[in-house]
Amino acid sequence: SKLVEKIQKYNFQLKVFCLVRAPYSAFCSGIQQGIKVGNYYELISLNDCVPTSFKTLPFSKSNVVEKLISFFGNTISLESFEHACTNSHGPVGFLLKHFLNQDPTDFVYAKTNESLYNLSVRIQNEFNFTYPAYLDGNKLNKKFRRFPANVDEKLKCTGKFLLTEVEYHLVEKFVQTEIARLGEIAGLDFR
């Protein structure tokens, strides 16, 4: 709200938009990103040895979207991230064109936050179990190591990171609930 007040003080026009990712895709992306930065998730394994439960609440995007809608009301534009990715310049090009009325070809794009391949994510998760990025919550672990990019490239045959059937079964109810909630509160259809 302080940011909005400051923007209004200088008479800027405020356009609020949110790209919402499909729940399963968002969940996989969140897990992968957490693993890339050094977190360990018991859910992700090399041998389908998964826990009996997994806390999914931190991965809920419907809670975030609900808060945004409650604050911005009908002034917020909600779009599917997957739809935005169909733009030839990706989601950034989509936002430039549809929300800022800019020509996406006028910009130079740089890819960041590259994904790892499926097996690389799983091996990094095992590294993180042995040597997590942080000790005692906030102290950097000097033994933490990132999975080598040249080895990751060799594992591209394993495809993009997705859950196994066993892993998905443990979070399926959460994913289905997220799909339903996003349909109700945002009018987005992720079925």
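1. Surface patch. In this predicted model, a nonpolar patch on the surface is formed by Val92, Phe107 and Tyr109. Together these residues have about 250 Å² of accessible area. Phe107 sits in the loop between helix 5 (90–98) and helix 6 (118–130). With a relative accessibility of 36%, Phe107 is classed as partly exposed.

2. Of the 191 residues in the chain, 34% are buried.

3. Cysteines. The number of disulfides in the structure is 0. For Cys18, the closest cysteine sulfur is that of Cys85, at 13 Å, so the two are too far apart for a bond. Cys18 is buried, at 14% relative accessible area. Cys28 is likewise in no disulfide; the nearest cysteine sulfur belongs to Cys85 and is 15 Å away. Cys28 also counts as buried, with a relative accessibility of 4%.

4. Secondary structure. The chain contains 8 helices and 4 strands. Their order along the sequence is α-β-α-α-β-α-α-α-β-β-α-α.

5. Overall dimensions and contacts. Taken along the principal axes, the C-alpha atoms fill a box of roughly 55 × 40 × 35 Å. When contacts between residues at least 6 apart in sequence are considered, 70% of them join residues at least 24 apart.

How values were computed:
Residues numbered from 1 in each chain as written. Predicted model: local features only at pLDDT ≥ 70, side-chain atom pairs only at ≥ 80, totals over all residues. Heavy atoms only, no water. Disulfide = S-S within 2.5 Å. Buried < 20%, exposed > 50% of the residue type's maximum accessible area, 1.4 Å probe, protein only. Patch = residues over 30% accessible without salt bridge, like charges linked within 9 Å, V, L, I, M, F, W, Y side chains within 5 Å. Areas by Shrake-Rupley, 256 points an atom, 1.4 Å probe, with all protein chains shown as cover. Salt bridge = Lys/Arg side-chain N within 4 Å of Asp/Glu carboxyl O. Helix = DSSP H or I, 4+ residues; strand = E, 2+ residues; numbered from the N terminus. Contact = heavy atoms within 4.5 Å.
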